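Please walk me through this two-chain structure, from the make-up of each chain to a few of the local arrangements inside them.

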Amino acid sequence: MSVLLSVILRLIFWVGVMCFIAGIALIGPRRLYEVAHEVVPILRDAKVPIAGLLVVLVASAVGRGALQTLSELVGFELTGAIFALEGNFVGWIQANFVTTEATIYFSWIYIYGYVFLLVFPFIAYAALPKTTMFKRLIVAYALNYAIGLVIYTLVFAHGPRNLDVATSLLYSFNPDFQALTSEVNENTNVFPSLHTSLAVTAGVFGILTRREYPIWVWLSVWLAVSVMISTMYLGIHWLIDVIAGIGLALACVYLSYRLIEDEDGAREPDDRPDELAAEPTDGAAVAGDGGD
Amino acid sequence: MTRTRSRRSVLAGTGLAVASAGCVGRVRNIVGRERSDQLTLEVLTLPADSDPNAVRIAQHLRGHMSEAGIDARINTVDQAELLRRSLLNHDYDIYVGQFPQAVPFEADSLYSFVHSRFAAESGWQNPFGFTELAVDDLLGEQRSADTERRMEHLAELQEALCELQPLSVVAFPDAVTAYRDERFDGWEFGHPTSAQGLLRLSFIPPEERDGEDDGDEDADEPATLRLTTTDDRITENWNPIAAEYRRHGTFMSMLYDPLVRRHDDGPLPWLAAGWEWADAETIRVDLRDADWHDGEPLTADDVAFTYEFLRDTSSGEAETPVPTPIFRGRTTIPETVTAIDRSTVEFEVGSVNTAVAERALEVPVLPEHIWRDRTELVNIAGIALDEETTEALVSPNDEPVGSGPITLVDATAETEAVFERNSDHFLLDLDPLDPAAEGDSEDDTTDERPGEENGTGQDDTGGTRRIPNAFRGKPSFERLVVEVVPSDIAAVQQVGDGLADATLSNIGPEAVPRIGREADARLVNVRSAAFYHVGYNVRRAPLSNPRFRAVLASMIDKAAIVDDAFQGYAAPATSMLAASPGLVPEDLRWDDDRGTDAVHPFRGRDGELDVDAVREAFREAGYRYNAEGELLSRDQ
């Protein structure tokens, strides 16, 4: 277990450092200092979404084994179908674009870049004058996890590295990381790619808050795209998983806007995108069951 | 579904034309015929995390099948699920897997593997549904023939099986183990991760280790042997007869002592102190004085019960017997097993030869007082689910009570299993320095089998062999911890980092070079008898057709697979008995100069399939292609 512990400590350290630097640069030291003193009221204000996220995370941690068994028993086995559909795409990526530098970069992105991309928005949106975006972010994360968990149970599939379509670059380069990823995930949870969906969720939120954090837009989109590519480059996910992950992310952002209305329209921190606002309302109730 | 739909659409489209033209009869004759669709076959195997080699064989075959116009799919499931489908439910087209015995096995193992009498049973006994009278006859004859005749029968049997291909043998892998020898010694002998290999290891006390400056760190700790595996089944199920949870049965055979343990140079009396031939058809076995882990005495009644129970786990409660999915060949050898007194058992074996008769003694002995309560048919909340499954077969057996040298202490599912040494085991009481032990036989009593078929060179002195020195006073570990890791690379890493003493599960070619890079890790590899093979469900058309299987077999380039997938850590083979080269007839041995299979040579070169040749072979066998080059199936 000491391998796991050292990986976790390294992760916490580096993500902490990155959040600190980004916080100073993007939010500003004064606002950051203020936020540190407003933590309790902010959390209290967002208690319902936070409780929802915690419920989903706990359910995921506790029920994963049981759901995995259920998935084995009744899930649709789609490994063969996915492979038949997209073929050697991931293998092709690895055959043509693998370099040592790229592997180091994408391994770093897959673990550190990804966690930073998910964690920093918590701080950034807590620092906004209103908690709307903060709540939406939490709701969107919770929905991603909840829906992802349901699909994982329904779909039983292994990733490209397990079919020898691609090499397991992440674990060949950093065997330690597998101690971490195997703790938080099963190797049959590939469809959809939650790495992609959560990263894209954070990226889309980055775009939606472009007025508040103009630099974060570029950073978050760059990270989100990198995470997306890294899942395939490292041989962990199929292209189809990534596409499904993008779809899930957009759906979750949309639903988070439906579920968390802006409290007073006058000082809305961003403009709600037209295409999201124009969507019909059906579907919200369904996903709401999973999220809250 | 597609077939019905397409017929219906044809019908709808032609409805008007039929009504107007009036040629109803002809149209009915046309649309009334079922059209052929492309043949679809699924190759079932393990994900690379569990077995880095099997999936490569599966991909090799799948790719070639696709080139030949078959809609070939690959499907990966976990270890227990693969066995559940292939062995228990027979719900597969083609699987790629390993034979369950890693240590070279008695040729009679083929009996249960391919005999038609087991085609309807669930388990390792004939998972293919293969039925061939000529093979059945040979399997029966090799059981009773004397040594010389038996060789001939076995040769004929292998030739028949290679010709008919109920399964295609691909290669015998090297069982690669990464280990470190600073805490335990003795890894270099035989199969280090078999039960025998683990039992003979010697613990090196901290003060005797060289180059150890932090030796006092674990001076007070018990001697713990730490092993890593990617196979988590040992953390969830300890039922010796649950075939889907067993790999090679290593830990089960250490929890449950067999009467006789197979050793490198012949059978070794284990729970049996010795055995002798009472008459030409009866073996009399003397039991050692032993107790079960729960303190109950182990008696001859337990032995007699075990054999009866393995043959029918419902003990007569079910309509038809419910045999175990494992050890099935062995339990069909004795006709009756009778307890004569508290420590003597008689096996009536009929006319089988000595080698086969002794193989009957290689099953784990189960305690009657535990297993006799597990005979009822399975039910969930009182509703009977399955007429053919008993509680004994589905029980996780989470408090295993055996008589072996280890006991289960604790387990965390998917994480680890902790065993402890059984301090009452007979091995511990044996003096390792006993000078008589190395001799083959120390008493003068002959155990020659009465009857004229003796003296043909069979080793009949096994019954009085003493336990070799290597096992005396063992095991020298006090605790045995099996830790589950996510992949072979992680397993090697654990050994390299000093967190484990050895790896248990298969190590793929990408992880092997890592062993060399780790400073304190060493590598030992032994040719395993657990051959990789492609199993065909011959209950399903067109796999039921030996000609079809022969063409499939010729699409497997065994030499290329060994070079590419195994990176040379395997030996290609034609016969299932290739681990015992003496039994394989000359023309079935692998010839490196020829470089391809003797019976079904690869149609192609260097791993590249000759597509035209394969298509021609399918056509010759009576199969057809459509205009798109798809192989058509009528019977699927």
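The paragraphs below take the chains first, then their contact, and then selected helices and strands.

This is a predicted model, in which local features need pLDDT of at least 70 and side-chain atom pairs count only at pLDDT 80 or more, while totals for chains, interfaces and linings use all residues. Residues are numbered from 1 along each chain as its sequence is written, and chains are lettered from A and ligands numbered from 1 in the order in which they are written.

Chain A has 14 helices and two strands, whereas chain B has 20 helices and 26 strands; helices (H or I, at least four residues) and strands (E, at least two) are DSSP runs, numbered from the N terminus. Of the 292 residues of chain A, 45% are buried, and in chain B buried residues make up 50% of 636. Here a residue is buried if 20 or more other C-beta atoms lie within 10 Å of its own, exposed if 12 or fewer, and partly exposed in between, with C-beta atoms placed from the backbone. For chain B, 70% of the contacts between residues at least 6 apart in sequence join residues at least 24 apart.

Where the chains meet, 18 residues of chain A are in contact with 19 residues of chain B. On the side of chain A that touches chain B, α4 (79–86), α8 (169–173) and α9 each supply at least two residues. That side divides into six nonpolar, eight polar and four charged residues, where Ala, Val, Leu, Ile, Met, Phe, Trp, Tyr, Cys and Pro count as nonpolar, Asp, Glu, Lys and Arg as charged, and the others, Gly among them, as polar.

V3(A), L4(A), V7(A) and I8(A) of α1(A) meet D176(A), F177(A), A179(A), L180(A) and E183(A) of α9(A).

Elsewhere in chain A, M133(A) lies in helix α7 (residues 132–154) and is buried, because 23 other C-beta atoms are within 10 Å.

In chain B, strands β9 (residues 260–263) and β10 (residues 266–269) run antiparallel and are joined by four bridges; strands pair if DSSP finds at least two bridges between them. A hairpin of two residues connects β9(B) to β10(B), and H263(B) stands opposite G266(B). Strands β11 (residues 272–279) and β12 (residues 282–287) of chain B are likewise antiparallel, with six bridges, and A272(B) has L287(B) as its bridge partner.

The buried residues of helix α10(B), among them F305(B) and Y307(B), pack against β12, α11 (328–331), β13 (336–341), β14 (344–348) and α13 (368–371) of chain B.

Conventions: Contact = placed C-beta atoms within 7 Å.
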